[in-house]
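Please open the model in your viewer, colour it by secondary structure, and keep the selection tool at hand. The tour below moves from one selection to the next and says what is to be found at each stop.

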Amino acid sequence: MSCPKCAGPVREPDLMHGEYRCLRCGPVAPLHVPERIGAEIMASVVERVAADGESDDRPGMPLWCPWPLPPGWTLTGVAWAGDDRAGVRATLVACAGPAPLDGGPADLIFVAEEPGVGLGSRFAGLPGPDPGPQVEEALTDPGPGHPERLPHAKIRVGGHPTPLWLVRSETDRSAYAGEARGMWLHAIAWPASAGHLLAEEVVLHDLTEWTPSELVYGAPSPYLHGQA
């Protein structure tokens, strides 16, 4: 387990504190990242996330995955943030394949999270736990040459057209943020040019509703294991 906001170590609840804590960030929903990825591991995470949604009166947390995967792409990681007391508060799915412009290697992750978790902001390199201020800025100031407040990317999420807004991120990546099912949705791509993939017909499917047996798994994403 690690901190979803800074990737640092977390302390388990004790007599003084009833929640997991990061020495830097305070109380957090601990992030669980399997070391490997494959059908059995994915099934285990799906079961954990789905069970939490069935036992709570709040909406279940989705596991957003591109489906069908773009040509040549594989699934490279999965993670979730939360604990038995508070439940699942965020999920992450990682995939990798050829970049849309030059065909070089590219990585893409999708994060669904409740406000305040900070997982998407960590991978995007944003200040604060949520992208709200930057999304608001994109809505109020679309930039030169954009008289209308048009989204920077449109994808289909759970069957619905969903706008995503480009937010300021580290220069080695591109990051988009939006909302789906009343939760934050982040899409972060490495390198930055790989964000052009979101200009194509990307469809996100919730793996807790159905996990395709045709999913192809690749080497674990380095961005889930210390590179970001």
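This is a predicted model: local features need pLDDT of at least 70, side-chain atom pairs count only at pLDDT 80 or more; totals for chains, interfaces and linings use all residues.

Residues are numbered from 1 along each chain as its sequence is written, and side-chain values use heavy atoms, with hydrogens and water left out.

At 40% relative accessibility Arg-181 counts as partly exposed, where buried means under 20% relative accessible area, exposed over 50%, and partly exposed in between, with a 1.4 Å probe and protein chains only.

Next, show the neighbours of strand 12. Strand 11 and strand 12 run antiparallel and are joined by seven bridges, and Ala-175 has Ile-188 in strand 12 as its bridge partner. Strand 8 also runs antiparallel to strand 12, with seven bridges between them, and here Phe-110 has Ala-187 as its bridge partner. Eight of the eight residues of strand 12 are buried, so this strand is largely enclosed by the rest of the structure.

Now widen the view to the open sheet, in which ten strands follow the order 4-6-7-8-12-11-10-9-13-5 with mixed pairing; two strands pair if DSSP finds at least two bridges between them. Strand 4 (31-32) and strand 5 stand at the edges, each with a single partner strand, so one side of each has no neighbour in the sheet.

**Helix 3 against the sheet**

Select residues 132-140, which are helix 3; this helix packs on the sheet and touches strand 10 (160-167), strand 11 and strand 12. The direction of helix 3 makes about 100° with that of strand 10, the axes being lines fitted to C-alpha atoms, for helices over the stretch in contact, with angles from 0 to 180 degrees between N-to-C directions. Within helix 3, pick Gln-134, which is buried with a relative accessible area of 11%. Leaving aside neighbours within four places in sequence, Gln-134 is in contact with Leu-126, Pro-127, Val-167 and Arg-168, contact meaning heavy atoms within 4.5 Å.

**The nonpolar cores**

Which residues have the most contacts inside the largest nonpolar core? Select Leu-63, Val-78, Ile-155, Leu-185, Leu-198 and Leu-204, which hold that place in a core of 40 residues; such a core is a set of buried Ala, Val, Leu, Ile, Met, Phe, Trp, Tyr and Cys residues joined through side-chain atoms within 4.5 Å. Among the elements that give two or more residues to this core are helix 1 (39-54), strand 6 (74-83), strand 9 (153-157) and strand 12 (183-190), and the largest share, five residues, comes from helix 1. Centre on Ile-155, which, not counting residues up to four places away in sequence, touches partners including His-160, Pro-161, Leu-185, Leu-198 and Leu-204. A second, separate core of 25 residues includes Ala-29, Ala-79, Leu-119 and Val-135.

Move to His-205 in strand 13 (residues 203-206), which counts as buried at 16% relative accessibility. Apart from neighbours within four places in sequence, His-205 is in contact with Leu-63, Trp-64, Cys-65, Trp-67, Trp-210 and Pro-212. From Trp-67, step along to Pro-68: a cis peptide bond joins them, with omega about 0°, and Pro-68 is found in the loop between strand 5 and strand 6. Another cis peptide bond joins Trp-190 and Pro-191, with omega about -10°, and Pro-191 lies in the loop between strand 12 and strand 13.

**A last stop**

Finish with Ala-7, in the segment before strand 1 (10-11). The phi of Ala-7 is near 70°, a positive value in a residue other than glycine, and Ala-7 counts as partly exposed at 38% relative accessibility.

How values were computed: Helices (H or I, at least four residues) and strands (E, at least two) are DSSP runs, numbered from the N terminus.
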